[in-house]
Amino acid sequence: MRYPWSIYILLAASFYCINNDTVAQVNQPPLMFTEMDGVLELDNGMEIPIWGYGLSSDGFITLPGPLLEYETGDNITISFVNPSSESHTIHLHGLDVDQANDGVPATSFLVPQDETGSYSFTASSPGTFLYHCHVTTTLHLTMGMYGMILVRHPGGVLFENGPSYYSDAPLLFSDLEVATNVAPVQSYPFHDIRPDYFMVNGKSGSQLNLGESILSCPANDTIALRLGSMAYTITKLIFPPELNAKCWMSDGRPVPEPFGVDTIQIFPGERFTILISPPSEYDGEIEVESWDMVNHQLLHTNYVRVRDETLNIDEFGMNNNNDSGYIIYPNPVTSTLNIQSSDIQMIMGWAIYDDLGRITEKGFNPGQTLVLDISTYKPGTYLFTDSSGRTKSFIKTMD
Ligand SMILES: [Cu+2]
């Protein structure tokens, strides 16, 4: 049913008035902010508008939003400021929060332009959770307003009487309709979203085959896949048998008896924790299929690459001279590293990997130069890489 705009404005205004007292002003800088002026680079190089969340300390929004990590027993307040021109919320999906703090406009509160809202709750159970904006939800979701929350026991323990593992790999599946992002206001009615772009952690296709998207651990060690879906489609994962995939948690809670899986379907809003153990010399892929929920048609397949960590060194060609796109000096370096794009392309998202393929440091730099203090790095060979795949290796030495 179509309503005139004025009805929406009236409804929004009434929610705000009723709950005005719960829109708290906080003294410290808010943890998060939201903006509607972001840009997502698609796999084909096209740039489309996104809305989203970012950390106030970073000053930029990302898709997905920042990964939030807590420990059980933490008394958490997520405060967020909204300088954007529309009202937004943060709905804490799957967490044990009371109604006033759950970010659903009708029962909680809206955060209008230039207001700060805060959501308080205690993290009660370890698990994988999601957050997203709950205002005109289909539209604000396709625009990119979501992220993942990981909760562990104190000390970083996920399973109190269960297995330990090498690292967490958060994988947030989502999709969008390009035409809606390009012209969000005209996409009326908002619920009619037909996704045509499919992402894992905001990346798709060849973007997933770059450094930080590849999941690595030592051979026969274990990675905990923290899976969650913010998609409009059904996400179907197909695990190669060599990975010995085992499901340990569903919807943020342990399953009664962990079970082996070769495929798993994740519906919108669902979460799973699946442990995988790549054998020695393993280099393969988990297939991520996106299925239309109405027509049951396969719309897209992405691949998440999993690799024995020791293979990363060869992959990066650390000792070869095939770097491209950057001038780095001095090299070798002891403390101050100057990084300069060798053409007009800006650096944007960047990461530095050590010789085991682990991320040492990462950031976002919308400029052509970057100066880093790397005095605390251990001596060794490192690789600087950016989100468009340009790389440059350098050697860190002692003073
Ligand atoms: Cu929103």
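Modeller: First a convention: helices are DSSP runs of H or I with at least four residues, strands are runs of E with at least two, and both are numbered from the N terminus. Bear in mind that this is a predicted model.

Biologist: Fine. How many helices and strands are in the chain?

Modeller: The chain has 4 helices and 26 strands. It runs to 399 residues, and 50% of them count as buried.

Biologist: On to the metal. Which residues are the protein donors of the copper ion?

Modeller: Two histidines, a cysteine and a methionine: His88 and His140 through ND1, Cys133 through SG, and Met145 through SD. They lie 2.0 to 2.7 Å from the copper ion. Along the sequence the spacing is H-x44-C-x6-H-x4-M.

Biologist: Why is the arrangement around the copper ion called tetrahedral?

Modeller: Because the 4 donor atoms subtend angles of 86 to 130°. The cut-off is that all angles lie between 85 and 135 degrees. For reference, the ideal angle for four tetrahedral donors is 109.5 degrees.

Biologist: Change of topic. What is in the largest nonpolar core?

Modeller: It has 28 residues, and Ile78, Ile90, Leu92 and Ile149 have the most contacts inside it. The elements giving two or more residues to this core are β1 (32–41), β2 (47–55), β3 (68–71), β4, β6 (115–122), β7 (127–132) and β8. Of these, β4 gives the most, with 3 residues.

Biologist: What does Ile90 touch, leaving out residues up to four places away in sequence?

Modeller: Its contacts are Met32, Tyr53, Ile78, Phe80, Asp102, Gly103, Tyr119, Tyr131 and His132. Apart from that core lies another one, of 27 residues, and among them are Val200, Ile223, Tyr282 and Ile286.

Biologist: I saw some aromatics in that list. Which residues form the aromatic cluster?

Modeller: Tyr53, Phe80, Phe109, Tyr119 and Tyr131 form one cluster. The count of aromatic pairs comes to 12. One of the pairs is Phe159 with Trp248, which is tilted: 5.2 Å centre to centre and 50° between the planes.

Biologist: Where are Phe159 and Trp248 in the chain?

Modeller: Phe159 lies in the loop between β8 (146–152) and β9 (167–176), and Trp248 lies in strand β14 (residues 246–250). The two are 89 residues apart in sequence, so the pair ties those parts together. Both Phe159 and Trp248 are buried.

Biologist: What about Thr136, what is its phi?

Modeller: Phi is near 35°, positive in a residue other than glycine. Thr136 sits in the loop between β7 and α2. It counts as partly exposed because its relative accessibility is 29%. His296 also has a positive phi, of about 50°, and is not a glycine.

Biologist: Where does His296 lie?

Modeller: His296 is in the loop between β18 (283–291) and β19 (298–308). At 54% relative accessibility it counts as exposed, the threshold being over 50%.

Biologist: Last one. What does Asn201 touch, again skipping residues up to four places away?

Modeller: Leu63, Pro64, Pro170, Leu171 and Leu172. Asn201 is in the loop between β10 (197–200) and β11 (215–217), and it is partly exposed at 28% relative accessible area.

Definitions and conventions:
Residues numbered from 1 in each chain as written. Predicted model: local features only at pLDDT ≥ 70, side-chain atom pairs only at ≥ 80, totals over all residues. Heavy atoms only, no water. Donors = N, O, S within 2.8 Å, 3.2 Å for Na, K, Ca; no water. Tetrahedral: all angles 85-135°; square planar, octahedral: opposite > 155°, others 65-115°. Phe/Tyr/Trp six-rings, centres within 6.5 Å; stacked < 30°, edge-to-face > 60°. Buried < 20%, exposed > 50% of the residue type's maximum accessible area, 1.4 Å probe, protein only. Core = buried A, V, L, I, M, F, W, Y, C linked by side-chain atoms within 4.5 Å. Contact = heavy atoms within 4.5 Å.
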